[in-house]
Amino acid sequence: MTVLNEIISYSPEDTFAIGRKYAVSLKRNSVTGLFGELGSGKTGFVKGVCDYFNVRDTVSSPTFIIVNEYIGYSENDKSGITIYHFDLYRLKSLKELSEIGFENYLNENTICLIEWADLAKQYLRGNMKEVHFSYGKKENERIIKYL
Ligand SMILES: Nc1ncnc2c1ncn2[C@@H]1O[C@H](COP(=O)(O)OP(=O)(O)OP(=O)(O)O)[C@@H](O)[C@H]1O
Ligand SMILES: [Mg+2]
């Protein structure tokens, strides 16, 4: 496993800023899998990504409805971008993933951010950027790794 970059976050605000910075590199038609245990900062990172894209809606973990849709735009490209924010925590199988119409979300104009992306990883076979979150030594420390 090659880790491209590892960053330590010391606060929720740091994680937000790290997500915001990550968003600069995001292209249309990209899929990012967010991995890491409960409370490790995945949604906080997504909030930063959405802030970069000027999303006005409240960003929260879509645990019960599986996917949230946000519309935003970036300062370089005001034409608008759709962001799909998934949480696959409750999904059990690849079959369930196809039942929610997963492939329909991966169209050319969207940015997909997927919490608990293990199933999607099998589905996409390498076509996904990965960000891994884990707890650091101190209470508010989180380690964020780009793979
Ligand atoms: N450095 C940090 N970065 C991000 N969140 C932090 C940090 N320190 C403390 N926290 C707290 O940890 C929690 C992270 O919650 P968040 O919803 O982002 O996690 P998550 O990985 O999306 O969890 P879940 O798998 O339940 O969706 C928040 O309550 C936040 O305030
Ligand atoms: Mg979450």
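Select ligand 1 and serine 11. In this predicted model, a nitrogen atom of the ligand sits 3.1 Å from a polar backbone atom of serine 11.

One of its backbone N or O atoms lies 2.9 Å from an oxygen atom of ligand 1. Then pick tryptophan 116. Here the side chain takes part: an N or O atom in it is 3.0 Å from an oxygen atom of ligand 1. Show the ligand's surface next. On its own, ligand 1 has 640 Å² of accessible area, and the protein covers 73% of that.

Select Phe45, Val49, Phe53, Ile83, Leu113 and Val131. These have the most contacts inside the largest nonpolar core, a set of 22 residues. Now colour the elements that give two or more residues to this core: helices H1 (12-24) and H2 (42-52), with strands S4 (77-87), S5 (110-115), S6 (129-135) and S7 (142-146). H2 has the largest share, five residues.

Zoom in on isoleucine 83. What is it in contact with, beyond its neighbours within four places in sequence? Select Cys50, Phe53, Val55, Asn68, Glu69, Tyr70, Ile111 and Leu113.

Last stop: Tyr84, Leu88, Ala117 and Leu124. They are among the 17 residues of a second, separate core.

Note on methods. Residues numbered from 1 in each chain as written. Chains lettered and ligands numbered in written order. Predicted model: local features only at pLDDT ≥ 70, side-chain atom pairs only at ≥ 80, totals over all residues. Heavy atoms only, no water. Core = buried A, V, L, I, M, F, W, Y, C linked by side-chain atoms within 4.5 Å. Buried < 20%, exposed > 50% of the residue type's maximum accessible area, 1.4 Å probe, protein only. Helix = DSSP H or I, 4+ residues; strand = E, 2+ residues; numbered from the N terminus. Contact = heavy atoms within 4.5 Å. Polar contact = N/O pair within 3.5 Å; in protein donor to acceptor, adjacent residues only side chain to side chain. Areas by Shrake-Rupley, 256 points an atom, 1.4 Å probe, with all protein chains shown as cover.
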